[in-house]
Amino acid sequence: MYGTQSKRDLALEFQSQIPILRPSIHARRANLTVKFQDLYGFTVEGNVDDVNVLNEVREKVRQQGRVWWALEASKGANWYLQPSISEGQSLKASLKLSAMANAITLKRLIRKGIPPVLRPKIWFSLSGAAKKKSTAPDSYYNDLTKAVEGKVTPATRQIDHDLPRTFPGHSWLDTPEGHATLRRVLVGYSFRDSDVGYCQGLNYVAALLLLVMKTEEDAFWMLAVLLENVLVSDCYTTNLSGCHVEQRVFKDLLAKKCPRIATHLEALEFDVSLVATEWFLCLFSKSLPSETTLRVWDVLFYEGAKVLFHVALAFFKMKEEELIHSHHVGDVINILQKTTHHLFDPDELLTVAFDKIGSMTTNTISKQRKKQEPAVMAELDQRLRRLNSLKLDDK
Amino acid sequence: MARTTGNKNIQAKLVLLGDMGTGKTSLVLRFVKGQFFDYQESTIGAAFFTQVLSLNEATIKFDIWDTAGQERYHSLAPMYYRGAAAAVVVYDITSMESFERAKKWVQELQRQGNPNLIMFLAANKADLEEKRKVGVEDGEQYAKENGLVFLETSAKTAQNVNELFYEIAKRLAKASPSRQTGMKLHSRSQESGRRLFCCSG
């Protein structure tokens, strides 16, 4: 086993050791900011209301756990891992009604949250990581990390630079062991896909995967499936073209789903990419509280990258009135930042993201991406040529 | 919005550019919050800050865009520097590579940015004298040749950090016409030249 096992135990300890937080009457009166550690070892600063919300969330997580256990009892352990369920596409082909019913149950269940203890197993299976891993030799990850040990590339230099800058102060990530583990995963991946190499942002994503998954090897495969299958391609490669495409699609969706806000922001000359780029590249890990981020990832790994649009649109939808009355770019950013940082209740977010935003199929979004691609490529190309001509002038 | 008598209110967009790990976020945090952390979270996309500086002649409200430094994030930069009134290009005195990157930023801004852009070159991490790779005179000389204002700074010790932003504020105050109040120094770049007005009144 890897050193991560002990870390995993630690993560579970967080949950059992942290007592229900009881803000003192003094704190309540003064509306003080309190600091505490959340389920995944992050230090959270919040007011008394936030603490209360977090306590409620803890209780809901427990209840949700009971629902999952009850289903395991009635449908059998690992019922959700049956291939006809985990591969949504083959649904139509499946004639078995029970399988279809299970798939519907599963989708609804996942939107309500996967219990933290089941996350490693369910993510690994439903995301396709297990399948990906099974197509490689058993020793793939070990061989990879051994083979790249001691090698120095631009990517490894940048990774080394970012290790202590990835969630600094976190009780496990910001330790020599945490740094070394995160390094192996990121360096390993930089060699697996040299087009991606290392892109800033992946440090946060990989760090959070490490906190959830049981072993660093599983975290590595989750990162691989995320970049190679779940997200749109080229999100993290040299000119972030995939990310540019997503941003354009997002702007269109905002105009469609929240037209009042879109019009207002345009009048303020506020480009939503100014804030949304970080959301999409870090998959909200830098903006949302940890359990809320992981709840988004629960759905992301089952339903795909369209989930990112649902969630990003929800931030705007939730603050529609406030946003429409903002007069300045700075106000818009402050509203959005305050909103995301205080979203301690994942259900509040996901209800808006799915019920209020309405359905968007992966198919429609793929079509929109296709539509945007040529424009993005042309823009990036034009920019590159301009920069190159700049270099020529220089000579 | 601008009700102060005899005093200008200027809203100005400021952007920080430079290689990763040169201390862009640290400079801004030192200026805005008076804080410094040895390990500052790496910035993705960009981070936004505001700060108000009051001078005798004007009150400057800064909208600060602190951008991500990794080279591939370069393709996002125009979104952040578009319409900026001032730019601070940052390099790390212990890294020659970061100085070379800084020069590229300067070139790009000269070509793409607002022609009236006020540009500063900040040689950061000046506290790490024993690891210095870029000489003071190198930075100075380059700045002089390119019409930039040059300062050696340290976000860690706060050396020249407030000076940097005060100096920018002064130049912005000087550059803005005195009869107008509440002027926005968000000038449009030529490429988006659909609108000709830059004053919000």
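Which residues of helix 6 (residues 119–126) of chain A are buried? The legends below take up this point and the helix contacts of a predicted model.

**View 1. Helix 6 of chain A and its buried residues.** Ile122(A), Trp123(A), Phe124(A) and Leu126(A) are the buried residues of this helix. Buried means that 20 or more other C-beta atoms lie within 10 Å of the residue's own, with C-beta atoms placed from the backbone. Gly128(A) follows helix 6, and its phi is positive, near 100°. Across chain A, buried residues make up 40% of the 395 residues. The chain has 21 helices and two strands; these are DSSP runs numbered from the N terminus, helices being H or I of at least four residues and strands E of at least two.

**View 2. Helix 5 (residues 97–111) against helix 16 (residues 290–303) of chain A.** The two axes lie 8 Å apart, at an angle of about 150°. Helix 5 is thus roughly antiparallel to helix 16 (the term covers angles over 145 degrees). Axes are lines fitted to C-alpha atoms, for helices over the stretch in contact, and angles run from 0 to 180 degrees between N-to-C directions. Lys107(A), Ile110(A) and Arg111(A) of helix 5 meet Asp298(A), Val299(A) and Tyr302(A) of helix 16. Residues are in contact if their C-beta atoms, placed from the backbone, lie within 7 Å. The residues of this contact divide into three nonpolar, no polar and three charged. Nonpolar covers Ala, Val, Leu, Ile, Met, Phe, Trp, Tyr, Cys and Pro; charged covers Asp, Glu, Lys and Arg; the others, Gly among them, are polar.

**View 3. Helix 8 (residues 140–148) crossing helix 10 (residues 176–192) of chain A.** The axes come within 9 Å and cross at roughly 90°. The pair is therefore roughly perpendicular (65 to 115 degrees). From helix 8, Tyr141(A), Leu144(A), Thr145(A) and Val148(A) take part. They meet Arg184(A), Val187(A), Gly188(A), Phe191(A) and Arg192(A) of helix 10. By class, this contact has five nonpolar, two polar and two charged residues.

**View 4. The side of chain A that touches chain B.** The contact takes 30 residues from chain A and 22 residues from chain B. Helix 9 (154–162), helix 15 (273–282), helix 19 (329–341) and helix 21 (362–394) of chain A each give two or more residues to this side. Helix 15 provides the largest share, six residues. The side of chain A has twelve nonpolar, eleven polar and seven charged residues.

**Notes.** Residues are numbered from 1 along each chain as its sequence is written, and chains are lettered from A in the order in which they are written. In this predicted model, local features need pLDDT of at least 70 and side-chain atom pairs count only at pLDDT 80 or more, while totals for chains, interfaces and linings use all residues.

Technical notes
Buried ≥ 20, exposed ≤ 12 C-beta atoms within 10 Å, placed from the backbone. Parallel < 35°, antiparallel > 145°, perpendicular 65-115°, else oblique. Contact = placed C-beta atoms within 7 Å.
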